[in-house]
Amino acid sequence: MTDEELQAWVQALSQTAFSMEFSHRAYFNARLRTTGGRYRLADHNIEINPKMLGYGKEVVAGIIKHELCHYHLHLAGLGYHHKDRDFKRLLAKVGGSRYAPAASKQRKYHYQCTNCQQDYFRQRLVNTDKYVCSKCHGRLALVGLAQKN
Ligand SMILES: [Zn+2]
Ligand SMILES: [Zn+2]
């Protein structure tokens, strides 16, 4: 999954679950270790831990909704902290997750060429603007996390 696809997903979830527009940026951040995602108070952007893709789309959707609760409440001037009543209420209403699953370091990022479907397994996140398929020079997309060592 690319950052652009994540952006589109977050925008779609904001519309369907909150009936409100998400007008900032969402992108993957591999440096997130203990959390599934992060809402940045300073610039209103949302970061998602790419390791969470290994737990499936449902888990990631729950994390996105959680971060969107911070986002919409903060912008509306309401209680956006975990302990706030506004936050707890909205999180329950949209079905956001309360905790992210613990991220394992044993896994590898699974990329696939969007042209020839060649698989690539990398220890770290790859800049897909820079690194392309070595066979056909096609664009790589993040599939998820593989158990492979
Ligand atoms: Zn939170
Ligand atoms: Zn290829």
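This is a predicted model: local features need pLDDT of at least 70, side-chain atom pairs count only at pLDDT 80 or more; totals for chains, interfaces and linings use all residues.
**View 1. K83 pairs with D84.** With a relative accessibility of 19%, D84 counts as buried (buried is under 20% relative accessible area, exposed over 50%, partly exposed in between, using a 1.4 Å probe and protein chains only). Residues are numbered from 1 along each chain as its sequence is written, chains are lettered from A and ligands numbered from 1 in the order in which they are written, and side-chain values use heavy atoms, with hydrogens and water left out.

**View 2. Two arginines meet E47.** R38 bridges to E47 with the closest N and O atoms 2.7 Å apart, and R40 also bridges to E47, at 3.1 Å. E47 is buried, at 2% relative accessible area. R38, at 38%, counts as partly exposed, and so does R40, at 28%. A search of the whole structure turns up five salt bridges.

**View 3. Four cysteines hold the zinc ion (ligand 2).** The SG atoms of C113, C116, C133 and C136 coordinate the zinc at 2.2 to 2.4 Å (donors are N, O and S atoms within 2.8 Å of the metal, or 3.2 Å for Na, K and Ca; water is not among the atoms, so sites may look incomplete). Angles between the four donor atoms run from 99 to 117 degrees, which makes the arrangement tetrahedral; for four donors, that label asks for all angles between 85 and 135 degrees. Along the sequence, the donor residues follow the spacing C-x2-C-x16-C-x2-C. C133 is buried, at 0% relative accessibility, whereas C136 is partly exposed, at 27%.

**View 4. Three strands make an open antiparallel sheet.** The order is β5-β4-β6 (strands are DSSP runs of E, at least two residues, numbered from the N terminus; two strands pair if DSSP finds at least two bridges between them). The edge strands are β5 (119-122) and β6 (140-146), each pairing on one side only. Four bridges join β4 (residues 108-113) to β5, and H110 stands opposite F121 in β5.

Technical notes. Four donors count as tetrahedral if all angles lie between 85 and 135 degrees; four count as square planar and six as octahedral if opposite donors are over 155 degrees apart and all others between 65 and 115; anything else is irregular. A salt bridge is a side-chain nitrogen of Lys or Arg within 4 Å of a carboxyl oxygen of Asp or Glu.
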